[in-house]
Amino acid sequence: MFQLPDLPYPYEALEPTISAATMRLHHDKHHARYVAVVNELVANNPAARGPLEALVKQAAIDGQRKLFNNAGQAWNHGFFWQSMTGEYRAPSGALLDAIVAAFGSLAALGSKFKEEGGGHFGSGWVWLVAKGSALAVTTTHDGEGVITEPGVTPLLVCDLWEHAYYLDHQNDRAGFLTGWWDRLANWSFAEQQYAAAAGAGSAWTYPAPNA
Ligand code: FE
């Protein structure tokens, strides 16, 4: 059985950009539901004893859309919780160097991230990813993510589904993205992911299923 991982901080840690009410709904209801559907779909299936990453990739290959969407959403949300912190600090070191090389400045990357996320039509996700040592901003639709792309390591993601921001920001996705970028982006986590992309340490993985 795949588990719903606890948030790595209290529900209220991301206020005022994301309220405790949104976090309770988002984690305890939306994320929990994706995990529950995956478990229903893979009941009595030995593949469910392996990591969620493998299940997402196999579902994509097999064209099992319902399993892919729900497993993808379970993984993306686990990664999204890690992508945020209530104790913001700016990036530094090798990651900051790479940001300057790729985008010119942290502010320029922020503009691109908010532009891509704000312009994304419908539900989905906006990502900062590493392809080797190079950086890129990309968006995915619905339950799609980036772990199915060879050689790509996600560094940060922001949820663009309305359930992520509607209670707190109504239809103002741009305002949500600005608050998220300025106050919640977890650069400590992104730096670890970037190091992993270069072969130092391991990239984040979804908690392993229990038997
Ligand atoms: Fe979500």
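Which protein donors hold the iron ion? They are H26 (NE2), H77 (NE2), D159 (OD) and H163 (NE2), lying 1.9 to 2.1 Å from the iron ion. A donor here is an N, O or S atom within 2.8 Å of the metal (3.2 Å for Na, K and Ca), and since water is not among the atoms, sites may look incomplete.

A quick word on the model, everyone. It is predicted, so local features need pLDDT of at least 70 and side-chain atom pairs count only at pLDDT 80 or more, while totals for chains, interfaces and linings use all residues. Residues are numbered from 1 along each chain as its sequence is written, and side-chain values use heavy atoms, leaving out hydrogens and water.

Along the chain, its donors follow the spacing H-x50-H-x81-D-x3-H. The 4 donor atoms subtend angles of 90 to 131°, so the arrangement is tetrahedral (for four donors, all angles between 85 and 135 degrees). Buried means under 20% relative accessible area, with a 1.4 Å probe and protein chains only.

Now to helix α7, residues 173-184. Helices here are DSSP runs of H or I with at least four residues, strands are runs of E with at least two, and both are numbered from the N terminus. Among the buried residues of α7 are F176, W180 and W181. What covers the buried residues of α7 includes α3 and β3 (152-159), where contact means heavy atoms within 4.5 Å.

Conventions. Tetrahedral: all angles 85-135°; square planar, octahedral: opposite > 155°, others 65-115°. Buried < 20%, exposed > 50% of the residue type's maximum accessible area, 1.4 Å probe, protein only.
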